[in-house]
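Morning, everyone. Let me put the model up, then we'll go through its pocket and its packing.

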Amino acid sequence: MTNTKARTAALITPVGQEAQDEARALAVDGRTGKAARRLRRGSWLKRGPAREAVDLLAGGHALPTSTAQGLAALRELDAGLVGELTALLDDGQQIAAVKLLRERTGIDLAGGYHLVLELGGRPAED
């Protein structure tokens, strides 16, 4: 997984606010390994994206706390990918959409599945 994929996965994977706050405090204290483990516990972040998420949090960036926020972040990051996913969903190819999302972003299976469900259930907001 490239850093770009890990960063994208970190930006679109929902993480609870409490976990983000705890991880941010740990990162500020220089305990980045423990911060990454805290983010992984209770979220779908894998090891690489969790490290990227710690860097983002330490830099003042907020992570999504819901699947809807994760989808909104994906729309901002890669509108073309969202278009491809929507086309697959329109053709009834949910599994193919999850696979494509995972290939392009490095998100894990559960996170990808939930984002695809969110995309299939809500129209894009203008």
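Start with α5, which gives the most to the lining of the largest pocket, 5 residues. Helices here are DSSP runs of H or I, at least four residues, numbered from the N terminus. A quick caveat: this is a predicted model, where local features need pLDDT of at least 70, side-chain atom pairs count only at pLDDT 80 or more, and totals for chains, interfaces and linings use all residues. Numbering starts from 1 along each chain as its sequence is written, and side-chain values use heavy atoms, with hydrogens and water left out.

Back to the pocket. Both α1 (3-12) and α5 (67-77) supply at least two lining residues each. Among the lining residues are Arg-7, His-61, Pro-64 and Glu-76.

Now α3, residues 32-40. Which of its residues are buried? Ala-35, Ala-36, Arg-38 and Leu-39; buried means under 20% relative accessible area with a 1.4 Å probe, protein chains only. They cover an arc of only 160° around the axis, so they sit on the same side of α3. That arc is taken from the directions from the helix axis to the C-beta atoms. Their cover includes α2 (17-28) and α4 (47-58). After α3 comes Gly-42, with a positive phi near 90°.

Last, Leu-45. Leaving out residues up to four places away in sequence, Leu-45 touches Ala-9, Ala-10, Thr-13, Val-15, Leu-39, Arg-40, Ala-50 and Ala-53. Contact means heavy atoms within 4.5 Å.

Definitions and conventions. 1 Å grid on protein atoms, 1.4 Å probe; cavity = no way out; pocket = protein on both sides within 12 Å on 5 of 7 lines; lining within 4 Å. Buried < 20%, exposed > 50% of the residue type's maximum accessible area, 1.4 Å probe, protein only.
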